[in-house]
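Colleague: Could you take me through one part of this model up close? I would like to hear about the backbone in the loops first, and then about the metal site.

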Amino acid sequence: MRLTYCSYFHEFKHPFGVSSNTRKNTPVVFVKIEKDGLSGFGEACLPAYLGETVEQTNRFLEKVKIVLPHLSDLPCVQDLLDRIDLLDEGHNAAKAAMDMALNDLFSKIAGKPFYEWIGTQKPQPRATSFTIGIDSEEKLIQKIQEAEKFSILKIKAGTKDDKALIELVRKHTTKPLYVDANQAWTDKYQVLDLISMMKENGVLLVEQAMPVNMKADMRWVTERSVLPTIADESVKRLIDLENLEEAFSGINIKLMKCTGLNEAIKMIAFAKKKNIQIMLGCMAESSCATTAMAHLMASADFIDLDAPELYTNDPFSGLRYEKGLIQVSDGIGLGVQAKDEMLPF
Ligand code: MG
């Protein structure tokens, strides 16, 4: 097996604002693993708040490159991933890139689409939410209009007045909404009041209402909330989910947080057992990583896989958005194709 990788920037159509910052692009590292004339692709998407940089990711991948030829005899992808996971703590996005590339490669070697290779049916087309970042009133209206083909909007909250934000959005669309506060709300009584107001305004769920370190308050809110409360920043890997202690009623699983498809599948199984709702989400990923995640759509209550629609220079093709519904292809492996002219492998 031969590993190569290259870095890239995803350029947003509009500067992307969340409660803590606004950015114009997102650094990414793509990986390619070649074996027997076939190639598997993966992606490490690195928004700054995740705390993983391109340099750290490249250093980690160099370590993987050295050990990979010695791991060729391991019987399955999970064994390979376990060894890669043990190379160093953290580097979750880099590990996710390796997970995707190995799963893509080995399902291609088996001649099957990934969903079939893991023993599941082809996922039915599903509606995804489309994210509207924090912005001026004028831009917000423009973005709502541009999201015409999507049937659910995800509103980034954490503004000075989130009730006013929802009232403004409601003037321009009747679509159901998800709201993501990105940890911005800190008073549990106010949070409960905001959630009630949002339910009355057609909001279906509230994501990461409070800071990660306010777990007890978040549990208090979840016990009383009239809407599902979804953990995002509070749950990265399976271990965090096992320690959730009913602080949230659902979780947003993202490949970049959880180290990839294999761990995502374990998290889905755990969540189902505990009646925890499942959202499949993404960072500002290309069609490479979002397509990988779309293979697991059948297991989810909520889908938030809109990233390739948020920027201008997707270097992969894969999933398609038809009338706002995500369709996974029948191609072998993950069903993604690299646009070679865009990627300096
Ligand atoms: Mg979120």
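Modeller: Happy to! D36 sits in the loop that joins strand 2 (22-35) to strand 3 (38-45); strands are DSSP runs of E, at least two residues long, and helices are runs of H or I of at least four, both numbered from the N terminus. This is a predicted model, where local features need pLDDT of at least 70 and side-chain atom pairs count only at pLDDT 80 or more, while totals for chains, interfaces and linings use all residues. Residues are numbered from 1 along each chain as its sequence is written, and side-chain values use heavy atoms, leaving out hydrogens and water.

Most residues other than glycine have a negative phi. D36 is not a glycine, yet its phi is positive, about 50°. D36 counts as exposed because its relative accessibility is 67% (exposed is over 50%, buried under 20%, partly exposed in between, with a 1.4 Å probe and protein chains only).

Q208, also not a glycine, has a positive phi near 35°. Its loop runs between strand 8 and helix 8 (215-224), and Q208 counts as buried because its relative accessibility is 0%.

Now the metal. The magnesium ion has D180 (OD), E207 (OE) and D232 (OD) as its protein donors, 2.1 to 2.2 Å away. Donors are N, O and S atoms within 2.8 Å of the metal (3.2 Å for Na, K and Ca), and water is not among the atoms, so sites may look incomplete. Along the chain, the donors follow the spacing D-x26-E-x24-D. D180 belongs to strand 7 (residues 177-180) and E207 to strand 8 (residues 203-207), so this pair ties together parts 27 residues apart in sequence. Both D180 and E207 are buried.
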